[in-house]
Amino acid sequence: MSDTTPPNSQLELQTDTTRSPTFGADTSRRHYIVNDGTKHLLTTGNLCKALITTKSWTLKGLVKKASNFHPVVRIHFEDPMLMQTIRMHEDSGTPLIIEGFHEHESWPADLFTLDWLNAHGKPGAFARNVRNWADFELPLSELIHKLRATPIYASKNETERLYGKDAECPHEWATWLSTSGVLPSDLLPHGTNDYLKYLPSDVQTLMCYLGVGDTFTPFHKDLCASSGQNLMCYTENGGSSFWFMTESSAAPGMANFFHKINEELDLETHVVTLKELGRSKLNIYIAEQQLGDLVLVPPRSCHQVINNGGITMKTSWSRMTLKGLKNSLYHELPVYHRVCRPETYKVKLNIYRALHRQTQTLQGLREQQTSSPHPDRSSPTLNSSVERIAHELHYLLELLDDVLGEEYSPKHQDMPHVSQSDTCHQNNITCDFCGADIFQSFFECISCAPHLPVVHEEMKIGDGIVVCPLCYVEGRGCNCGTMNPTQCRPFGDLLRSRDEALHVIRAVCPDIVKDYQSLVKDPSSITSARHVGIFRAACTLYEQRPMSSAIADPLRMCVSKHHAPRSSMIYCPPCHNGRCMTHVLETYHIHSAPAILMSEEGGHAIWHEYHKQSKVAFKDAHHDASILHDEETGARPDPRIKLAYVASKFRACKSINPNATIPGWYDKCLELISASVRAPPLSLFPEK
């Protein structure tokens with residue numbers, strides 16, 4: 001292979017032709033960036049897909065391509081240092097491969113075959129044609145037949161090369177994983193360290209993948225800072241998979257690099273080249289996954305998989321650790337919100353349910369201690385478990401307090417509710433713009449929702465067009481612009497569960513919660529300097545807007561010489577001018593949520609001082625590299641600086657429901673337009 005720069009025409013293809021429509025989208029159309037929420041349709045020529053081939057690849061040869069390329073560490077499943085090695089790699093955020101599972105005496109060789117899957121698996125399959133990124137369904141038997149008939153290397157004249165993705169794992173495979181004792185229990189789905197076990201059963205992570213050489217998944221991160229496990233179950237004709245991975249802390253650096261090459265990492269629409277990976281200057285860990293290899297993908301690791309040779313069959317699943325929940329809440333979800341990547345794993349609900357279950361567990365252990373004839377002489381194991389769970393519960397309590405602080409409004413009792421109690425509430429509402437899971441607070445419009453097919457069936461609360469509070473306070477909304485603040489369940493139910501956790505921690509380890517107070521007794525104390533108050537700000541914006549779509553929002557002149565609706569402007573009398581929300585962000589580095597609250601509740605003088613100081617604070621945060629440090633380490637960021645940072649940095653987005661929603665003040669909308677598809681005679685990884 002060669003890393004020499006190709007001629008200009010090829011270089012242009014390399015940097016511009018590996019984008020794709022989002023997975024599941026209509027591939028006769030193509031994304032384009034349109035500035036500041038304006039919707040224009042652009043025209044283009046042929047939509048090309050560059051050819052990818054692993055021909056002549058070897059792991060040794062790939063690692064030699066750049067000084068920042070490194071082989072992934074391997075360890076055999078029987079190695080006595082296995083668990084220590086796993087913990088070391090989890091702590092460092094670097095990938096690891098556990099090899100040799102196919103040599104285990106309990107390896108189900110008769111279960112892990114294509115023929116068994118064809119006979120006993122679900123008859124339907126979901127595939128992507130990687131030559132044009134078209135996604136479609138077909139019978140599993142047909143997919144297997146096509147894979148076996150496909151040459152192992154792609155050619156420039158071919159029009160189809162299929163990759164079977166995201167298929168539901170057979171029940172028998174799941175049973176073997178959980179009961180065979182072959183894989184370490186800490187790594188199993190819903191195992192000891194998997195917080196996803198607290199979610200409803202409709203959240204599935206166990207999936208199967210069928211591929212042949214030169215099929216691939218583009219560069220991406222696993223959902224919501226989860227930890228990935230990928231087991232190679234079966235191969236034909238020497239099939240294998242090449243993995244390119246970063247360490248966890250490199251996620252912000254890779255996002256920055258993608259922006260430099262005019263791509264968006266979290267849209268999963270770009271296949272990186274070896275040259276690009278080398279130019280990134282980030283540590284890239286490369287592996288060739290073979291039969292019996294379990295690849296451990298760290299949370300937030302950016303990675304790409306390219307299949308090699310004959311057919312490969314893999315099963316994969318995600319786990320969510322306590323640290324992963326924190327990373328997701330503070331660093332992944334803000335980006336998902338901006339680019340509109342569906343959340344799927346219900347992070348806020350996961351925190352809440354985990355806290356509820358851990359509270360019950362700690363209460364049970366506490367009862368064991370107190371019911372002992374000699375409580376002061378309880379077993380060391382019991383005492384250790386009590387202390388460990390108390391600290392885990394305290395961790396969850398901190399996260400939940402941050403969630404509740406942003407979901408709270410003092411007027412919550414006066415709003416419509418989806419459910420009248422927490423116990424009967426089903427969490428199945430998502431934001432129609434960004435795809436976020438709705439945990440408690442949202443805005444809804446019934447009139448913009450499509451009518452139900454049954455005339456006599458009434459639309460229920462939550463059935464309309466929904467946007468999350470953060471979308472609403474950023475100017476996103478429904479087409480008519482008239483939405484109402486709504487609650488999922490009584491807010492008091494959340495506060496009572498939170499206080500129960502606080503009380504049981506206080507009974508066991510009072511020192512770690514000495515600065516906490518009951519929120520049931522004083523709900524208003526939930527908002528503090530730690531929180532922005534996103535839903536409270538959104539409700540303030542709601543009150544500033546006309547109550548009906550028939551009433552126009554008056555226009556005002558922004559200091560930047562353009563007109564904007566009055567509700568999207570903030571006026572500063574000491575400055576003798578007003579700015580729209582877009583220019584408040586660009587000039588002062590202040591997000592709309594704190595800007596609305598500060599200008600409305602603080603008064604003109606306080607707003608004037610705040611916007612002068614905020615610009616300095618934002619620059620200081622950049623100067624001290626505090627934003628980058630928080631992202632790399634997963635630390636809790638300053639929420640006001642974080643909001644301004646992601647709103648400024650992540651402008652490109654694509655609404656989940658574009659026909660029923662409008663973009664906000666910070667959005668550059670991705671549009672889809674018609675385009676034909678052809679395959680150029682160009683390899684992303686050119687050979688000598």
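Where does Asp293 lie? In this predicted model, Asp293 sits in the loop between strand 13 (284–289) and strand 14 (294–297), helices (H or I, at least four residues) and strands (E, at least two) being DSSP runs numbered from the N terminus. Because the model is predicted, local features need pLDDT of at least 70 and side-chain atom pairs count only at pLDDT 80 or more, while totals for chains, interfaces and linings use all residues. Residues are numbered from 1 along each chain as its sequence is written, and side-chain values use heavy atoms, with hydrogens and water left out.

Asp293 is buried, with a relative accessible area of 3%; buried means under 20% relative accessible area, exposed over 50%, and partly exposed in between (1.4 Å probe, protein chains only). The side chain of Asp293 reaches the backbone nitrogen of Gln290 at 2.8 Å. Not counting residues up to four places away in sequence, Asp293 touches Arg74, Ile97, Ile98, Glu99, Gly100, Asn230, Leu231, Met232 and Glu288, where contact means heavy atoms within 4.5 Å.

One of these partners, Met232, belongs to strand 11 (residues 227–235) and is buried, with a relative accessible area of 0%. Between Met232 and Gln289 there are 57 residues in sequence, yet the C-alpha to C-alpha distance is 7.2 Å.

Of its 688 residues, 57% are buried. Among contacts with a separation of 6 or more, 79% join residues 24 or more positions apart.

The largest nonpolar core has 61 residues, of which Cys431 and Phe443 touch the most other members. Helix 14 (residues 534–544) gives the most to this core, with seven residues. A nonpolar core is a set of buried Ala, Val, Leu, Ile, Met, Phe, Trp, Tyr and Cys residues joined through side-chain atoms within 4.5 Å. Apart from neighbours within four places in sequence, the contacts of Phe443 include Ile465, Val466, Pro469, Tyr472, Met483, Phe535, Ala538 and Tyr542. A second, separate core of 48 residues includes Leu329, Leu333, Tyr352 and Leu400.

Ile596, in helix 16 (residues 592–601), is buried, with a relative accessible area of 1%. Ile596 and Leu541 are 55 residues apart in sequence, and 7.2 Å separates them in space, C-alpha to C-alpha. Beyond four places in sequence, residues touched by Ile596 include Val473, Ala537, Leu541, Ile570 and Met581.

Helix packing comes next. The axes of helix 9 (residues 322–339) and helix 11 (residues 380–407) come within 11 Å and cross at roughly 15°; axes are lines fitted to C-alpha atoms, for helices over the stretch in contact, with angles running from 0 to 180 degrees between N-to-C directions. Helix 9 and helix 11 are therefore roughly parallel: angles under 35 degrees count as roughly parallel, over 145 as roughly antiparallel, 65 to 115 as roughly perpendicular and the rest as oblique. The contact involves residues including Leu325 and Leu329 of helix 9 and Leu396 and Leu399 of helix 11. The axes of helix 9 and helix 19 (residues 639–649) come within 10 Å and cross at roughly 40°, so this pair is oblique. Here Tyr330, His331, Pro334 and Arg338 in helix 9 meet Lys642, Val646 and Ala647 in helix 19.

Technical notes. Polar contact = N/O pair within 3.5 Å; in protein donor to acceptor, adjacent residues only side chain to side chain.
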